[in-house]
Amino acid sequence: MGPAAKEKRKEEAKGLKRVALIGNPNVGKSVIFGLLTGKYATVSNYPGTTVEVSFGNINLNGTRFVLVDTPGVNNLLPMSEDERVTRDILLSERPALVVQVGDAKNLKRTLVITIQLAEMGLPVVLDLNMEDEARDRGITIDKEALKRLLGADVVGTVAPEKKGVKELKNAILEDSKVPGFVIDYGPVMEEYAEKITALLPKTNISRRSLALMILAGDESLAGWLKSRLDGEKLEAIESFREECALKMGRPVGLHINEIRLKKASEITESVVKKTGEKEHRFIQLVSKISMHPLWGLPVLLLVLYGIYEFVGVFGAGTLVGLVEEKLFGEYLNPMFTKVIDLLVPVPLIRDLIVGEYGLVTMALTYAIGIILPITTTFFIAFAILEDSGYLPRLAIMSNRLFNIMGLSGKAVLPMVLGLGCGTMAVMTTRILEGKRDRLIATFLLALAIPCSAQLGVILGMLSSLSALAMAIWATCVMVVLLFSGWLAARILPGERGEFFLEIPPLRKPALANVAVKTAGRVTWYLKEAVPLFILGTFILFVLDKLALLKVIHKIASPVIVGLLALPEKATEAFIIGFLRRDYGAAGLFAMFQDGLLTPTQALVSLVTITLFIPCLASFFMIIKERGMKMALSMLAIITPVAIAFGALLNLALRSLNIAV
Amino acid sequence: MSDELKKRAAPETEKAQFEDEALEAIWEIAEQKKEVTFAELNDDLNDEQGVLNMVADGLINVKDGAVEFTDEGKRRARDITRRHRLAERLFADVLALTDYERDACRLEHAISPEVEEAICTLLGHPPTCPHGRPIPRGQCCKLYVKKVTPLVVSMMEAEVGAPYRVVFLRGPMIDRLASIGLVAGSDIKLQQKRPSFVLTIDETTIAIEEDVAKGIFVKKHETENGK
């Protein structure tokens, strides 16, 4: 548990009730979280997962609660890591209330979870979200009847329009009951459930529900059990489980799920009326095209072009121009410099703040002036893609391509995010199934995916070179990406992660949702990444003052000059590039504008720096996610590969006499 | 059971089993257009008396050292071969077993004609066994020429857009499929096969790959009109 959770623990001790937010993936849970807490859930909401568990405070009519957002689940009999995480939260946190957010048009699946919550003995408020979509398909739910059948409160919401939120808040305030479900799983199951229940320790959730999980073969409970029971009891439980499995003759988990599904079906049929499909023909058509093996491609290209225009041209061009050049360049920096020069007598401190590697003149200018506008526009574009439901379709289109790199199509999410911010992308690799997939994705992100800050500068530079240069650059990066992935897939043992994706309906992205998600990510960025950039700048400052920069320069130059045939000054760009990706590219850009680089040199330097090691922030994130050993190995592999490839390109261009 | 079927009914005595095996062996050799010699057959089966009995029972003739079927013998050989190879198909395709030789050998003696036809229909009147050898046609296969499709197919062979009902599931991820409502008995629709399999169950749409799709066996809805 992280520091945030520990903090909340303290709050709990003060007597605050905890409310857990549970639901299937892609039902709008995190938006509801945002509406209730006024806070934005952190990071990824890929149809599939909330990457981290978020906590927020709600204040309703004076009563305060702590709201816990959980990863989306399809079942509390865990079959994926997210489901395990959510199940464990319920097991260890004992929420006073569970707010289950469900998809109004998919009541049956929603109820499968409600049933399990009831069996666990948890009070539930059922929030049927996306009622507008259900209506569009001619689906209406008799909420009163459902309330009666469940014995629990049922509200309906349309989250982006804030409809029904008041009713939801009221329902949370009221005393909620545990839904009254009693399901019979058959004589064999019931017998063994009883036997195991008798052996289990008293706990936050109903022991019978735990017994059912154990019978279903849930191995993730092993650790929890070991710490609470002695060896004898553990053995007894295990032998009961085996006996039951043998007697049943078919997978127990499947049996349990089928019975639950049947019960859910019964209830659904009695409260839902379907009045024929009314979903807009147009949207259906667009949806079909977006996944079509042939027509899906132009759609994909169109989307990519849209992103390029919005992020690359508007974000990296117009906005950066405004903020960095005008705001910082013409107003803030000169102003700061003047003020510091006046107030601070010590030249060292002066330099620290407004010098060449100054905290304001370099760190803040670049963090706020360049990176923030670009990443914000990127996050907006990304949130639009997410909310519209296009991302999983993108995963389908790119699945085959990703298979070559040893990844499943799901990896399209972190890879595309990597074009925005590599640090965030590495974090998002959590949604990939299997260590192998995550490792390969992280490696490829570090090697061949340039982040938006860098990308902006690189594309700018390439466009002032020639179309050929851009083509060569793009080809080089693609080739390295595909080949490295392919090679990594061959070398690393294990199977590719499974491809199992839920495809939500295509919908018009709701501005509110986009705003909530973007705000969340930008906040994350400001809190997590910017301090690292400041740290990086500080390190540069220290290196410079200790004249170590010159030393590194001397050591690295021969490589840069000899192998890559670049002027010595370019070394600086590479060194700085580690601490700040965009600096590297920007440094080269400056050299190019000053006429210090020939077109060929420019191209070689650009390709090399694109492949070069990731920035400090990303590096720290890789350590955090994959471990120090892996991170260092990646560093050790990427550095020579980038330089070797650059050298190769240089050789090829010169010997083939290609002018760019 | 009609007289005809009684005649074809799988015999259960040891002698009958031996005869079946022998007839099948002869059939196989004959398939490869090779001549079956008496000496060879004795070597294979290691029971000269048994083979001679078969001549006595009117199942085979021996002419100039070569073994030939009588009409009766040929009919029986054909039937038993058909059952054996259908059993192999059943074990290999539907049950996904790799070590099924012995069981297929056993099953061929125990299947009744009705069961044989049901298996053949279920599998869609397969023309060959898993080893590629032809399965002799049966009555049901003749009708098949008029009927369009086999009864139960895997998602791999299903038609895009047609309404199906899931008959059974096997393979990886059936737990996760169950989680989203895909179980035996659910109504399912195939949206596309490439670049991935996309299917819809109620209001849920998922994308999966071939390895999972080929384990979902479905049956077409017969009653629906324009649903």
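Domain bounds, as used here, come from an automatic or database domain assignment. For chain A of this predicted model, that assignment gives domain 1 (3–173), domain 2 (187–248) and domain 3 (296–655).

Domain 1 of chain A contributes 11 residues to its contact with domain 2 of chain A, and domain 2 contributes 10 residues. On the domain 1 side of this contact, the elements that give two or more residues are α3 (81–93) and α4 of chain A. By class, the residues on that side comprise six nonpolar, two polar and three charged.

In the loop between α8 and α9 of chain A lies N204(A). Is this residue buried, exposed or partly exposed? A buried residue has 20 or more other C-beta atoms within 10 Å of its own, and an exposed one has 12 or fewer. N204(A) has 14 C-beta neighbours inside 10 Å and therefore counts as partly exposed. Leaving aside neighbours within four places in sequence, N204(A) is in contact with L91(A) and R94(A). Positions that are separated in the sequence can also be compared in space: N204(A) and G121(A) are 83 residues apart in sequence, while their C-alpha atoms are 8.8 Å apart.

Chain B contains 10 helices and eight strands. Of its 227 residues, 32% are buried. Among the contacts in chain B with a separation of 6 or more, 58% are between residues 24 or more positions apart.

Several strands of chain B can be followed through their pairing. Strand β4 (residues 163–169) of chain B runs antiparallel to strand β5 (residues 187–192) of chain B, and three bridges join them. Within this pair, Y164(B) has I188(B) in β5(B) as its bridge partner. On β5(B), a further antiparallel pairing over three bridges is made with strand β6 (residues 197–201) of chain B. Here K189(B) stands opposite T200(B) in β6(B). A hairpin of four residues connects β5(B) to β6(B).

How many residues does each chain give to the contact between chains A and B? Chain A supplies 25 residues and chain B supplies 22 residues. On the chain A side, α4 (107–120), α12 (252–271), α17 (390–404) and β9 (500–502) each supply at least two residues. That side has 12 nonpolar, six polar and seven charged residues. Strand pairing also crosses from one chain to the other: β9(A) and strand β7 (residues 204–208) of chain B run antiparallel and are joined by three bridges. In this pairing, L501(A) has A207(B) in β7(B) as its bridge partner.

Note on methods
Residues are numbered from 1 along each chain as its sequence is written. Chains are lettered from A and ligands numbered from 1 in the order in which they are written. This is a predicted model: local features need pLDDT of at least 70, side-chain atom pairs count only at pLDDT 80 or more; totals for chains, interfaces and linings use all residues. Two residues are in contact if their C-beta atoms, placed from the backbone, lie within 7 Å. Ala, Val, Leu, Ile, Met, Phe, Trp, Tyr, Cys and Pro count as nonpolar, Asp, Glu, Lys and Arg as charged, and the others, Gly among them, as polar. Two strands pair if DSSP finds at least two bridges between them.
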